[in-house]
Amino acid sequence: MRAVLCKQFGPVEDLVVEEVPDPTPGPGQVVVDVAGCGVNFPDVLIIQDKYQFKPELPFSPGGEIAGTVSAVGEGVDGLQVGDAVLATLGWGGMAEKVAVAAESAIPVPPGVDLVQASGFLLAHGTSHHALVDRARLQAGETLLVLGAAGGVGLAAVEIGALLGARVIAAASTDEKLELCRAKGAAETINYSTEDLRGRIKELTDGKGVDVCYDPVGGDLSEPALRSMAWDGRFLVVGFAAGDIPKVPLNLPLLKGCSVVGVFWGAFTGKEPERNKANIAELLGWLAEGKLDPHVSATYPLDQAVQAINDLAERRATGKVVVTP
């Protein structure tokens, strides 16, 4: 089979596509013929040895896939050849085939496109955990989403609107904000041309936002934190801007707000039963058409470098998928 390989840590341009042996399923594993591999920010970090997990070289990036089961290992119950599944991997997904633990392979609801499913779980799992478990977002509250047209941001817009919140989407272009409105945002802020803090004050009549979803970091975090309402929840989701902000700790005191960390990957390991229930709810919403994940572009394996760069340089909206 063909696979994208990281043979040495470094820039994305060092990735190569080569023939490697087909995987065989070990006990408790299935082999999945990959229909799509979602590209995520950790892929940018892991190939540079900047992620919290360090796979042995060589390895394929790609932390989430969807496809069709083509082989079943010993001791596997509940899955058979031909089943459509999605799975999170950590790495290894940018390949034509991948062996995964059967317990990690989740059936895809009937009628759901596999390419769309391949970019679903990480973004929507993160945003569901953030808004439901960590923020306890309530209907009628105001939710500010920074980086709202990115993968996790757009998922947060969708889920926030579905939960009944008034969603304010903030992004860098009017085109991105138009997409956010289509996904349920009630209001928008273009922080390339508008003052973020001033616009939040205007849109909330000076009250501030109840929840801020921040996957961006950098220069946006402090003005957003200064715009929190009393008893608000500021969600630290990630640092796509590259810089980890250092905010004055008197701000949570003065605002009476909480700064809350969101680490979905750790949550899935520490609280597997709660995560299983969350995924079941998300897949139910997906099957019912209440969620419509946005895939802005697909790329063949030979263009994986471009796919990762488009994500890293924030040219993409929603999800980018590599299709072997």
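Predicted model: local features only at pLDDT ≥ 70, side-chain atom pairs only at ≥ 80, totals over all residues.
The largest share, four residues, comes from α4. I took down a volume of about 60 Å³ for the largest cavity. The structure holds one cavity of 30 Å³ or more.

**Second largest pocket.** I then turned to the second largest pocket and recorded its volume as about 270 Å³. It is lined by 18 residues, and I listed Ser60, Trp91, Gly92, Val98 and Ala99 as the closest to its centre. Which strands supply at least two residues each to the lining of this pocket? I found β1 (2-5) and β6 (97-101). β6 gives the most to the lining, with five residues.

**Open sheet.** I traced an open sheet of six strands and wrote down the order β10-β9-β8-β11-β12-β13, with parallel pairing. At its edges I have β10 (187-190) and β13 (258-261), each of which pairs on one side only. I looked up the angle between neighbouring strands of this sheet, and the average is 20°, direction ignored. For β8 and β9 I noted four bridges in the parallel sense. Within this pair, I found Leu144 opposite Ile168 in β9.

**Thr188.** Is Thr188 buried or exposed? I have Thr188 down as buried, because its relative accessibility is 12% and the cut-off for buried is under 20%. Leaving out residues up to four places away in sequence, I listed its contacts as Ala169, Leu177, Arg181, Glu194, Arg199 and Leu203.

**Nonpolar cores.** I counted 43 residues in the largest nonpolar core. Those with the most contacts inside it are Leu86, Leu131, Leu143, Val145, Tyr213 and Leu235. I listed the elements that give two or more residues to this core: α3 (121-134), β8 (142-145), α4 (151-162), β9 (166-171), α5 (174-182), β11 (209-214), α9 (264-270) and α10 (272-287). Which element gives the largest share of this core? I found that α10 does, with five residues.

Not counting residues up to four places away in sequence, Leu235 touches Ala130, Leu131, Arg134, Ala135, Val211, Cys212, Tyr213, Asp214, Val260 and Val262. I also noted a second, separate core of 33 residues. This second core includes Val100, Tyr299, Leu301 and Leu311. As a general remark, nonpolar side chains tend to be buried together in soluble globular proteins.

Notes. Residues numbered from 1 in each chain as written. Heavy atoms only, no water. Core = buried A, V, L, I, M, F, W, Y, C linked by side-chain atoms within 4.5 Å. Buried < 20%, exposed > 50% of the residue type's maximum accessible area, 1.4 Å probe, protein only. Contact = heavy atoms within 4.5 Å. Pairing = 2+ DSSP bridges. Axes fitted to C-alpha atoms, helices over the stretch in contact; angles between N-to-C directions. 1 Å grid on protein atoms, 1.4 Å probe; cavity = no way out; pocket = protein on both sides within 12 Å on 5 of 7 lines; lining within 4 Å. Points joined across faces, edges and corners; volume = space filled by probe spheres on them.
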